[in-house]
Amino acid sequence: MLLAPIASEGFEELKKINMSLTLLGNVVHSLFEGAKHIPYRDSKLTHLLKTAIGGNSFTTVFCCMTAAEQHVDESRSTLQFAARAKTIKNDVSMNEIADS
């Protein structure tokens with residue numbers, strides 16, 4: 001199967017998306033391991049998702065994969081990511097405004 005060449009701008013965007021997802025995986029792994037330092041500031045994505053990933057909120061992660069045999073490595077990696085993300089425990093509490 002021949003693939004059409006990717007435009008330079010599109011390739012750069014794909015590289016940035018891949019890097020952001022890798023850094024998101026690093027944050028999830030750090031939370032899974034219980035590390036003292038969580039690298040939220042390594043990317044804009046993880047910085048924006050800081051309160052959702054490890055903060056005061058309920059978090060739902062959807063992982064998409066395929067049953068196609070040629071993508072078995074990606075599917076396995078996705079399942080491993082989902083298993084690590086599932087173990088993250090957030091301390092959720094109701095935000096209250098004190099009456100004065």
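Visitor: Let's start with the second largest pocket: what gives the most to its lining?

Guide: This is a predicted model, with residues numbered from 1 along each chain as its sequence is written, where local features need pLDDT of at least 70, side-chain atom pairs count only at pLDDT 80 or more, and totals for chains, interfaces and linings use all residues. Side-chain values use heavy atoms, leaving out hydrogens and water. Both α1 and α4 supply at least two lining residues here (helices are DSSP H or I runs of at least four residues, numbered from the N terminus). The top contributor, with 5 residues, is α1.

Visitor: How many residues in that lining are polar?

Guide: Asn18, Leu21, Thr22, Leu24, Gly25, Ser77, Thr78, Phe81 and Arg84 line this pocket (on a 1 Å grid, an open set of points for a 1.4 Å probe, with protein on both sides within 12 Å along at least five of seven lines; lining residues have an atom within 4 Å of a point). Gly goes with the polar group, while Asp, Glu, Lys and Arg are charged and Ala, Val, Leu, Ile, Met, Phe, Trp, Tyr, Cys and Pro nonpolar. By class, 3 are nonpolar and 1 is charged, and the polar count is 5.

Visitor: On to the largest pocket: which element supplies the largest share of its lining?

Guide: There are 18 lining residues, with Thr59, Thr60, Val61, Ala85 and Ile88 nearest the centre. By class they split into 13 nonpolar, 4 polar and 1 charged. α1 (8-33), α3 (50-54) and α4 (72-86) each put in at least two. The largest share, 4 residues, belongs to α4.

Visitor: How many residues does α1 give to the largest nonpolar core?

Guide: That core holds 9 residues: Leu24, Val27, Val28, Ile38, Tyr40, Ile53, Phe81, Ala85 and Ile88 (buried Ala, Val, Leu, Ile, Met, Phe, Trp, Tyr and Cys joined through side-chain atoms within 4.5 Å). The largest share is from α1, and it amounts to 3 residues.

Visitor: Is Ser30 buried or exposed?

Guide: Ser30 sits in helix α1. Beyond four places in sequence, Ser30 is in contact (heavy atoms within 4.5 Å) with Ala35, His37, Ile38 and Pro39. Buried means under 20% relative accessible area, exposed over 50% and partly exposed in between, with a 1.4 Å probe and protein chains only. Ser30 comes in at 13% relative accessibility, so it counts as buried.
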